[in-house]
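Visitor: I would like to learn how to read a model like this one. Please take me through it feature by feature.

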Amino acid sequence: MALPRVGRGPSLERAEFAHGSRNLLTRLNRLSPVLFIGKYSNLAPRECLGVRCTLSRKEVTSVRSEGDGPSALSVSSIEEESGHVVRFKISDFKIISHVSVGLGARADEVVFEAIVNDTSSPLYGSRVVLRRLTSAQAQRRGKRAIEVLKKLVRRRLLYHSYSMQVHGYISSVTSSGRSSFTLVHGYHGSFSLRHWLQQSDWLPTLEATLALDEESVRRVGDDKIGGPAVSRQLRLIRILMRDLLIGVNYLHSHGLAHTELRLENVHICPVDRHIKVGILGNAADFYEDGPNGGTPDNNIKRRQMMIAFDMRCVGFMMAKMVLRELMDPLVFTKFKSFLTKGNDPSCLREFLLQLLNRNSPFGNAGLQILDRNWGAGWNLLSLLLATEPSNRISCLDALRHPFLCGPRWKVVPSMSIIRWGLGSTAVRISEEYIYGQPQRRRLAHFIELMEMLNPHPKPKNWLEFLPGKWRLLYCTGKHIGLTFRQPPARVLVGDMHLTISRTSKSNTTFSFASEADFTVMIGQSWPHDKTGVNGKMQVNSLFRLTAGRRLYIMEEDTTGKFSWSPNIHDSLTQKISRRKWQKALPFKELPTSLPVAKLVSNDVEVTLNLSDPLNKDVGAAGKVVQEVRVQIPPEMFDLTKLVCGTYVDSRLLVLRGVNGSALLFTRSCVDVNLR
């Protein structure tokens, strides 16, 4: 919290402040000095839900703040039930001229810094923060924070290491007869984690604050310090995320959900170099009527919902720490809209590549961090932000995730991580546009291994994953590179999409629409000027989904350059015989066939749209169609050549053509307005 200076120390009993609707603590600029005179103004109570992240109505109901219910514990009952809470007097403190108004868009709190001057107190001479709570709801939050303290203080070492310590409170009655309640909690520096990330030199400054050395980085399995900026940032994010997850897991293990995990509520203590989770005034119990009250099913469901909500908030914090572009409210709004509109979080990379690569002032360091270790960062982010609360990862599983484990920690990857790594590597290779045969063979091997590890071999599973918009990444049977060929028309082909929709929920018939956008360049200046006439080709067809099997052909002779290789069985056998694949594959010997989803097609309809002046010239339009057909895979122009689907998950799709070539697709965002 950035606290400005004023001329003289303000009196806590006689203070009136100017408050507004904006969150004054989320800006780096220090607040202008405020003169404190008169008394507090009578603030109207506001509804406070205690949740700051987008979630469904069902989740909001589960994590609604306890402050909206009946009144919290009275001060006298708090004193009786908890011996760790100290009741202070205002005379026990020397108020420092550092003050701030509001926290998290709350205008019913005033924050002071103070020094304990009571010689009999164990806190004598230490700096603390006095949080004056003015409204009735704010006072309920403060009393709730003290109530939570008595549940957590049994393991004081963990509580002091990962939570902002609450020392006690000040309760009195003002001269106007109104009750006054002030929390006394620990001081952990004037910056929240959000303020750190907003600084231009945040990386070296935060490294110096945490005093990163070999001992500190060994906590994340990395015994190196320094290095490139991307490696340093990844190392720092691992330390911060592990500390945050340990603190959140400490709350969850005590039957509490934080419900307000945000960058503004997290501080970094330079003394013990730990993340401090903010005041637990909106912490909610997993069980409304106690662990023994209510039905077991309701208690388990409520616990899962509240843990899932906290993990979603942790995912938002991780996204902002890695991708600093998301600190911009406009960009973050598009990021949340992508999730709230039902898009799968596993497709965030496809969405963010187009959203963040538009003159980003931060470069691509965040994208590099998430792409490392076979895309492990994208996998953890998708698990934290999963659409279904039951699919979100827990704190303990997140701490064991490869993204948060350094190179010296040997992590045994799960089958889902192995599949994710294969798909991510295949996507990265296809994006490099390397035309050499070694890269083409390597990519073909990755696709073949993905097909063997297909998590959904039965067609009934494809009914859920197949519908959507897919972008073509690579085709093993056709690759157009730099040639000396003189085409009849200069055509620049853009993205090719395959849109699949289900015609009816009662049957297995799907509508396939292949779309290819292109530009026809006219004139002699096409090498330097890529503008021209826009065009679009669309091919529609109906497919029926049935069960089938893919047979491996055991022949010795090769027929055709791009045909389904007869030696594919031998090459795969040699590939999986290595030690690293023996543990990954679910079978010891390579099978002679694999189950697939067979595609039975109907008639094909081709539509071509060209702008002026080519739409009036039939001959020129024919040359354009001919050139487009040369540059795109034949399966995208004639959908009847698609035979079967061999791999599908929430983000990747592999279809096989009649000649054995594989087409690799990635799921794309349907709503173009989000980009």
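Guide: Start with burial. Of the 675 residues in the chain of this predicted model, 54% count as buried.

Visitor: What is the accessible surface of the chain, and what share belongs to carbon and sulfur atoms?

Guide: The accessible surface comes to about 31900 Å². Carbon and sulfur atoms hold 51% of that.

Visitor: How many helices and strands does the chain have?

Guide: The count is 20 helices and 18 strands. Next, look at contact range. Among contacts with a separation of 6 or more, 71% link residues 24 or more positions apart.

Visitor: How do I read a nonpolar core?

Guide: The general idea comes first. In soluble globular proteins, nonpolar side chains tend to be buried together. Here, the largest nonpolar core has 80 residues. L240, L245, M318, F335, L348 and L352 have the most contacts inside that core. A second, separate core has 39 residues, including L472, V624, L655 and L663.

Visitor: Which residues does F335 touch, beyond those up to four places away in sequence?

Guide: F335 touches F316, A319, L326, L348, F351, L352 and L385.

Visitor: Why does F335 count as buried?

Guide: Buried means under 20% relative accessible area. F335 has a relative accessible area of 0%, so F335 is buried.

Visitor: Now the rings. How many aromatic pairs does the structure hold?

Guide: There are seven aromatic pairs. Take F332 and F335. Their ring centres are 5.9 Å apart and their planes meet at 25 degrees, so this pair is stacked. The cut-off for stacked is under 30 degrees. Both residues lie in helix α10, residues 329-340. They are three residues apart, about one turn of the helix. F332 is buried too, because its relative accessibility is 11%.

Visitor: Can you show me a pair with another geometry?

Guide: F512 and F543 form a tilted pair. Their centres are 4.4 Å apart, with 45 degrees between the planes. This pair links distant parts of the chain. F512 sits in strand β13 (residues 509-521) and F543 in strand β14 (residues 533-551), 31 residues apart. F512 counts as buried because its relative accessibility is 0%. F543 counts as buried because its value is 1%.

Visitor: How do I judge a helix by its span?

Guide: Helix α9 (residues 296-322) has 27 residues. From first C-alpha to last, α9 reaches 39 Å, close to the 39 Å expected at 1.5 Å a residue. Helix α9 is also mostly covered, with 20 of its 27 residues buried.

Visitor: Last topic: strands. How do I follow a sheet?

Guide: Trace the bridges from strand to strand. Strand β16 (residues 642-648) pairs with β17 in the antiparallel sense over five bridges. A hairpin of three residues joins β16 to β17. C644 stands opposite R656 in β17. Then five bridges join β17 to β18, again antiparallel. L653 stands opposite F665 in β18. In the hairpin of β17 and β18, G660 takes a positive phi near 90 degrees.

Visitor: Where does β18 (residues 662-667) lead next?

Guide: To β11, through five bridges, with the strands antiparallel. R471 stands opposite T666 in β18. Four bridges then join β11 to strand β12 (residues 490-502), also antiparallel. K469 has T499 in β12 as its bridge partner.

Visitor: How many residues of β11 and β17 are buried?

Guide: In strand β11 (residues 468-475), eight of eight are buried. In strand β17 (residues 652-657), six of six are. Both faces of β17 are covered. L652, V654 and R656 are on one side, with L653, L655 and G657 on the other.

Key: Residues are numbered from 1 along each chain as its sequence is written. This is a predicted model: local features need pLDDT of at least 70, side-chain atom pairs count only at pLDDT 80 or more; totals for chains, interfaces and linings use all residues. Side-chain values use heavy atoms; hydrogens and water are left out. Buried means under 20% relative accessible area, exposed over 50%, partly exposed in between (1.4 Å probe, protein chains only). Helices (H or I, at least four residues) and strands (E, at least two) are DSSP runs, numbered from the N terminus. Two strands pair if DSSP finds at least two bridges between them. A nonpolar core is a set of buried Ala, Val, Leu, Ile, Met, Phe, Trp, Tyr and Cys residues joined through side-chain atoms within 4.5 Å. Contact means heavy atoms within 4.5 Å. Accessible areas come from the Shrake-Rupley method with a 1.4 Å probe; for residues, only the protein chains shown count as cover. The expected span of a helix is 1.5 Å times one less than its number of residues. Rings of Phe, Tyr and Trp (its six-membered ring) pair if their centres lie within 6.5 Å; planes under 30 degrees apart count as stacked, over 60 as edge-to-face and the rest as tilted.
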